[in-house]
Amino acid sequence: MAAIELRGLTKVYPGGVRALDALDLVIPDGEFFALLGPSGCGKTTLLRTIAGLETATGGSVVIGERDVTGVQPGGRDVAMVFQDYALFPHMDVTDNIAYPLRIKKVAKAARQAKAAEVGARLGLDHLMDRRPGQLSGGQQQRVALARVMATQAQAFLFDEPLSNLDARLRLEARTFLKKLQRELGVTTVFVTHDQAEALAMADRMAVMEAGHIRQIGTPAEVFQRPANTFVAAFIGSTPMNLLDGVVRGGTLEVAGCALPVPTSAQGLLADGEKIVYGVRPEYNAYASEPAEDALGGKVVIMENLGASHLVTLDVNDVLVQAIVPEGREPAIGEQGWAVPRRDRALVYRDGELVAG
Amino acid sequence: MFLVFPALWVLYLGLTNYRLTGVAAADPQIVGVDNFLTALGNPRFWNSTWLTVEFVAGSAVIGQAVLGFAIAWMLRDRRGPLRRIVEGIVILAWILPSAVVAFLWVALLDPGDGTLNAVLGLTDFAWLLDHPMLSVIVFNIWRGTAFSMMLYAAALGNVPPSHLESARLAGASGWQQLRDVVFPHIRGHVLTNLLLISLWTFNDFSPFMLTAGGPDGKSEVLAVHVYNEAVRNGSLGYGAAISTIILLINLVVAVFYLRLLRSKR
């Protein structure tokens with residue numbers, strides 16, 4: 001078990017694409033760390049560079065105090081679960097789990113015992129003689145996990161571990177993975193493009209865009225205080241309202257309405273400044289009567305989210321979203337008011353969060 | 001019609017004393033299995049059979065398949081000019097007409113003015129006379145590797161990269177990756193490739209264009225043996241009998257590979 005440290009890590013592909021641009025990142029021992037970002041942001045390249053499957057153009061990778069930048073993948077003492085699980089179709093479950101041990105020349109009896117032990121722990125004991133082709137997606141995933149566990153590596157790397165499962169199984173697997181990681185206590189880095197997955201599973205996470213890390217933090221930090229408008233727009237199952245505004249005296253003029261300066265930006269704004277006002281629909285209270293410090297407009301769209309509705313208001317030609325709890329849904333065309341929570345609303349200047 | 005009739009005709013001829021010229025050309029007699037017995041008692045036939053086995057094993061199975069795979073494996077991640085040049089050269093050897101290629105090789109190996117001797121600084125080293133089988137085998141490797149290379153290149157494209165990477169992360173060496181990931185994935189391709197090139201090489205007549213089977217039968221593979229017996233000696237009946245035997249051997253080889261191909265490990 002070991003911490004992972006990246007220093008100035010850079011990867012330039014032939015042709016000049018900068019997949020990673022001088023990244024610095026420290027992942028402490030035992031942490032469950034998520035790399036999140038849209039496709040093409042470099043998150044998978046980063047994971048593969050840690051694994052050694054890609055060679056870094058510059059910078060270094062340190063795993064457990066050992067600089068492994070120039071070390072072959074097999075010598076880095078990390079284990080990886082691939083998106084397609086990469087189980088060998090011609091080997092049964094036992095042989096698949098024991099494969100890394102076989103390469104390390106562990107005696108047959110010992111590696112089969114280890115495979116049986118790990119397999120049993122993941123509930124695979126009745127499947128040990130099967131071939132991967134005879135297993136369901138969820139079972140294949142557990143075999144891939146078992147193979148990783150059997151190696152007793154310093155760190156685990158998961159590349160989109162849940163994306164090949166169907167939606168229902170994905171939720172179960174999410175809980176399962178998190179519990180397993182906690183029990184094993186092995187430093188684990190996983191890549192995902194699903195922000196909900198990252199928020200749900202990770203101890204800490206990095207949000208990436210175009211080869212850069214845009215924010216590192218706990219899921220709560222990243223959700224409540226996105227460091228820039230990119231993260232703000234990317235995180236959250238309903239996107240954050242990002243509204244252009246201007247500072248006027250002690251208030252903000254947003255979409256033709258006057259709003260108080262959010263708590264976080266108090267005293268940090270100059271008069272006349274152009275800003276972006278950010279508030280999540282979850283932090284917008286909805287009122288059907290005229291309200292103070294609110295964005296008032298006409299209800300144009302209602303979206304059912306299950307236990308609540310997402311209301312879209314047209315506020316002087318700007319669309320603003322708010323969440324309405326069950327039983328209080330307005331009708332389309334009605335007047336409505338979205339009241340942002342002052343302690344949750346945020347102000348961005350030039351795309352970066354304004355905060356003390 | 002065009003396939004079956006000549007085949008059946010060969011079966012029939014093999015049972016006669018049909019000749020190219022003379023009385024037996026006008027009025028062939030059925031002689032039963034005499035031709036087959038003659039063949040099986042003829043040391044020249046056994047010599048040819050053994051040479052053919054050498055030819056198939058050396059030039060097809062070991063030469064073309066191994067070399068073709070090696071080139072495909074080395075080029076698998078390469079892009080750009082190196083790959084195109086190697087592929088171009090290899091494929092060029094394949095698309096040239098046999099007669100042209102044979103002429104090129106005769107010129108290359110000529111004892112007096114041959115390119116190879118000039119390059120090696122040898123004088124009057126008669127490759128085709130002193131090492132006829134070696135010459136013919138190397139010639140056929142050069143000639144046929146392109147097919148195997150292209151087939152294996154396509155097959156390697158089907159090996160999932162994540163499987164190779166998974167093996168690399170476990171610390172598998174190049175050889176272990178081949179054994180545990182690549183070969184299990186391309187087993188079907190390997191067997192199909194071996195089946196095809198074995199049969200093609202078995203029936204290949206182009207050695208004739210280099211050595212005509214000589215000197216003294218030292219490179220007379222079965223296909224050349226048939227030609228020498230049937231056309232040059234005029235014993236069409238006897239030649240047809242040997243052809244039938246070749247057909248049977250081919251059948252056995254084909255069945256052997258197809259069996260392997262069907263058996264799932």
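This is a predicted model: local features need pLDDT of at least 70, side-chain atom pairs count only at pLDDT 80 or more; totals for chains, interfaces and linings use all residues.

## Chain A and its division into domains

Chain A contains eight helices and 21 strands, and its C-alpha trace spans about 75 × 45 × 35 Å along the principal axes. Of its 356 residues, 43% count as buried. Among contacts in chain A with a separation of 6 or more, 65% are accounted for by residues 24 or more positions apart.

The chain is divided into domain 1 (4–226) and domain 2 (241–353), and the C-alpha centres of these two domains of chain A lie 39 Å apart. A UniProt annotation from an unreviewed entry, "domain: ABC transporter", covers residues 4–235 of chain A. Over that stretch, residues 4–235, the chain is 37% helix and 25% strand, with its end C-alpha atoms 25 Å apart.

## An open sheet in chain A

Six strands of chain A form an open sheet in the order S13-S12-S11-S14-S20-S21, with antiparallel pairing. The edges of this sheet are strand S13 (257–260) and strand S21 (352–353) of chain A, each of which pairs on one side only.

In soluble globular proteins, nonpolar side chains tend to be buried together. The largest nonpolar core in this model has 156 residues, and those with the most contacts inside it are Ala155(A), Leu157(A), Val189(A), Tyr277(A) and Leu295(A). Both domain 1 (4–226) and domain 2 (241–353) of chain A contribute to this core, with at least three residues drawn from each.

Leu157(A) gives a local view of the surroundings of one such residue: when residues up to four places away in sequence are not counted, Leu157(A) touches Leu47(A), Ile50(A), Ala51(A), Val78(A), Met80(A) and Val189(A). Val189(A), one of these neighbours, is also listed among the residues with the most contacts inside the core.

## Chain B, a helical chain

Chain B has 14 helices and zero strands, so that, given this assignment, its pattern along the sequence reads α-α-α-α-α-α-α-α-α-α-α-α-α-α. The C-alpha trace of chain B spans about 75 × 50 × 30 Å along its principal axes, and 35% of its 265 residues count as buried. Of the contacts in chain B between residues at least 6 apart in sequence, 67% join residues at least 24 apart.

Helix H5 (residues 81–95) of chain B has 15 residues and reaches 21 Å from its first C-alpha to its last, which is close to the 21 Å expected at 1.5 Å a residue. H5(B) is hardly covered, since the count of buried residues among its 15 residues is one.

Val253(B) is found in helix H14 (residues 236–262) of chain B. Why does Val253(B) count as partly exposed? Val253(B) has 16 other C-beta atoms within 10 Å, and a residue is classed as partly exposed because its count falls between the limit of 12 or fewer for exposed and the limit of 20 or more for buried.

Leaving aside neighbours within four places in sequence, Val253(B) is in contact with Ser198(B) and Leu199(B). The C-alpha atoms of Val253(B) and Ser198(B) are separated by 8.1 Å, although the two residues are 55 residues apart along the chain.

## Where the chains meet

In the contact between the chains, 16 residues of chain A meet 15 residues of chain B. On the side of chain A that touches chain B, strand S6 (78–81) and helix H2 (93–103) of chain A each supply at least two residues, and H2(A) gives the most, with three residues.

How values were computed: Residues are numbered from 1 along each chain as its sequence is written. Chains are lettered from A and ligands numbered from 1 in the order in which they are written. Helices (H or I, at least four residues) and strands (E, at least two) are DSSP runs, numbered from the N terminus. The expected span of a helix is 1.5 Å times one less than its number of residues. A nonpolar core is a set of buried Ala, Val, Leu, Ile, Met, Phe, Trp, Tyr and Cys residues joined through C-beta atoms within 7 Å. Domain bounds come from an automatic or database domain assignment. Two residues are in contact if their C-beta atoms, placed from the backbone, lie within 7 Å. UniProt positions are given in the numbering used here, feature names are shortened, and annotations may be inferred rather than shown by experiment. Two strands pair if DSSP finds at least two bridges between them.
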